[in-house]
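Dear colleague,

I am handing over the structure we spoke about, and below it you will find my notes on what turned up when I went through it. Please read them with the structure open beside you.

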Amino acid sequence: MSANPMPNGDATPSADPALRADPAPGTDPAPGGDPAPSGDEILRLEGLEVHFPVRGGLLDAILKRPRGVVRAVDGIDLTLRRGEVLGLVGESGSGKTTTGRVVVKLTRQTAGRMSLDGKDVSDLWGSRALRDYRRRVQLIFQDPYETLNPKHTIREFVMEPLLVNGIGTPAERESRVVDALEAAGLRPARDFAGRYPHELSGGQRQRVVIAGALVMGPQVIVADEPVSMLDVSIRTELLRLMLDLRAERDLTYLFITHDLSLAWVIADRIAVMYLGKIMEIGPAEQVIRAPHNPYTQALVSVSPTPEPPTMGERAKRTILVGETPDAANVPVGCRFNPRCPYVFDRCRVEEPPLFDVGGGQSAACWLAEGGRELPVLPPRPGTVPA
Amino acid sequence: MTVASRRQSLPKLADPSAPLLVVEDLKTHFSLGAETVHAVDGISFTLNHGEALGIAGESGCGKTTTALSLIRLLPSNASIVDGSVRLYGIDLVTKSANALRRYRWREVSIVFQGAMNALNPVHRLRDQIVEPLTERLGMSEKEARKRAGELLELVGIPKKRGGAYPHELSGGMRQRAMIAMALACDPAIVIGDEPTTALDVMIQAQILALLEDLRHKLGLSLILITHDLSVIAETCDRVLIMYAGRVAEEGTVDEVFRRPRHPYTQKLLAAFPNIRADRRTLDVIPGSPPDLRHPPPGCRFAPRCPFAMEVCTEVVPPEVTFGQVRVACHLYPPGSDGVQVTTAPPNAIGATVPLVEPPPAEPPLEVAGG
């Protein structure tokens, strides 16, 4: 944590993350009346960091230069509430995928704690307990073409986790596979079980991948860009399937995507990541309609829609100059400050914590301190070249 | 916005009064063993000087094949079996492969989707731009290097980055480099085949703004091939919606996107996630596109269409023009008023259903509505 100055006046980051990532119940007047987080939350990340060492060259070693670190995830607090779809949105290099990998324990965090159902699971590694954890927290990958082994039948793919974990008798395993395939909408399951991936359409393959996650009876599913490879007409059916399954099987989703519009469609809450940090989090409606962080605001303004933009809409866009900086060279102060249209002196020296802006929404921006609204930018003068 | 601003002369046979590009009844088929895939099956459109035309549709609808057919960059099992592609009135379909080389890059160039695959990984950026200049335009090495530098600056890459190899650049920068290459020979038409598909939204916004800017500066004509309707809404003047190798609807972006007439266009637009629309009201298009080895008789969208009538399964709908729009659908027969028909019959499969019901007071475990 020492590498990451967090100006959080009243508490250390790990002591009370709820104040920032997730406002305490008493201060949360959100409609829907969420019960206390203790009974409501299923997964919690506190001060999570993933820093990768940069491999230095021989010259660096000889000159004894300090080794750099890539701060892929740089101190985030995130709570997943039971039964919700939390959309984790960010561009390449934002750390969203790394966060997902930590949640399913494919990547080890370098700092921070995580708990599932109130039980600390930060240090479960290589043990039987990890097996149990993975049964409860499953991952769906982006690309069904890469996930499925072309030489395995659908049955073999879906049954594999059961075999690896030594679950059930052969008959029980078969019935669980059939159940998972049918739940994923591949009916009748016996028709599909014997087929190979190349015999299925893209949408059906993604359903097989979903069945492979369902067969373990998980509570939490981390879905990393689950529909990005699919045509729009197929996407909707899969999104609907995911929402149906949530209701039928009490699932909770961490839905990772680069596409804010997709998060808007499926997520109950949206968290926006930039360069390893959460810039804004809150109910989807508020984050999209009333963003309090300039980065979110810019993303919303350029999010493509199938409606031809009017001149007025074009003028209101904030096309950020340049690209997300390298996570090995995170800017000092607010990490977004070099690209921020509202930047002022404080942003260059001090990193803002997440400020509660009301209604369960928080934004990491000095302008949001005290729940203030973002100022309105003057219209964009023509296009902005990089 | 004039052709006169181009540096090079028109081909000898060019008819200056002809529209820039006229494609008529283009048919490109693939042979797959003993069977024939009717990938592009009678496509017509016109591209005028300085215009941007978007060609949209789902995977396998033939949009990329259409684009590649224009300058015959087709795989070996594909062939243009009918129709014409006239550039300045010159038919390119009848040209020999060798004669066609005169038109590639110099008249029509392509920006491909995966810039990492399209750029040569072992050559420096500048050298890759210099090559078409010396090869095609016969420029001297020195001239070509100077022009390459200008082109890089034009697309927003600092001149000194010209010495970089493709892997040293970000995805956005590589895409800019691809655009610089496509512009190298000052072509009349640039075809973008999913030019922003693999990019982040902010980078996509930058690239689209760049294309828009270049279009106005250089008087380019653009053909943008994409599955992403929002990219077309953003950059194009006109849009052509393809379905299963045919034109479903074509017209000005404003008219087609705001008053879609063809049921497929309506569905496609309604299935597109829209951050400005209400949450969770995505439409579903039931079924899947037809097998183009054995396309259905009549309208190819009929099996999935909520409006399908008996005639749709038997007779191919003619393309009828209503003002700014051309539509191929039996709902709009010749002589009709062409007023948009939108309400699906009550029992139609695929009538608009919200993705889930609007969340009740007690989220989040409600049962989805479907």
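This is a predicted model: local features need pLDDT of at least 70, side-chain atom pairs count only at pLDDT 80 or more; totals for chains, interfaces and linings use all residues.

The buried residues of α8(A) are R176(A), V177(A), V178(A), A180(A), L181(A) and A183(A), and they pack against α7 (154-164), α9 (189-193), α10 and α11 of chain A. Just after α8(A), G185(A) adopts a positive phi of about 85 degrees.

Two of those partners, α10(A) and α11(A), also pack against each other. Helix α10 of chain A covers residues 202-214 and helix α11 of chain A covers residues 232-249, and the two pack at an angle of about 20 degrees with their axes 10 Å apart. Since angles under 35 degrees count as roughly parallel, α10(A) and α11(A) are therefore roughly parallel to each other, and their crossing is right-handed. On the α10(A) side the contact is made by G202(A), G203(A), Q206(A) and I210(A), which meet I234(A), E237(A), L238(A) and L241(A) of α11(A). Sorted by class, this contact of α10(A) with α11(A) has four nonpolar, three polar and one charged residues.

As for α10(A) itself, its 13 residues should span 18 Å at 1.5 Å a residue, and the 19 Å between its end C-alpha atoms agrees with that. The helix is mostly covered, with 11 of its 13 residues buried; among them are R205(A), Q206(A), R207(A) and I210(A).

Turning to chain A as a whole, it has 16 helices and 12 strands, and buried residues make up 49% of its 386 residues. Of the contacts in chain A with a separation of 6 or more, 68% are accounted for by residues 24 or more positions apart.

Finally, the interface: 50 residues of chain B are in contact with 43 residues of chain A. On the side of chain B that touches chain A, α7 (201-218), α8 (229-235), α9 (253-258) and α10 (263-270) of chain B each supply at least two residues, and the largest share, nine residues, comes from α7(B). By class, that side of chain B has 28 nonpolar, 10 polar and 12 charged residues.

With best wishes

Technical notes
Residues are numbered from 1 along each chain as its sequence is written. Chains are lettered from A and ligands numbered from 1 in the order in which they are written. Axes are lines fitted to C-alpha atoms, for helices over the stretch in contact, and angles run from 0 to 180 degrees between N-to-C directions. Helices (H or I, at least four residues) and strands (E, at least two) are DSSP runs, numbered from the N terminus. Angles under 35 degrees count as roughly parallel, over 145 as roughly antiparallel, 65 to 115 as roughly perpendicular and the rest as oblique. A crossing is left-handed if the near helix is turned anticlockwise from the far one by less than a right angle, and right-handed if clockwise. Two residues are in contact if their C-beta atoms, placed from the backbone, lie within 7 Å. Ala, Val, Leu, Ile, Met, Phe, Trp, Tyr, Cys and Pro count as nonpolar, Asp, Glu, Lys and Arg as charged, and the others, Gly among them, as polar. The expected span of a helix is 1.5 Å times one less than its number of residues. A residue is buried if 20 or more other C-beta atoms lie within 10 Å of its own, exposed if 12 or fewer, and partly exposed in between; C-beta atoms are placed from the backbone.
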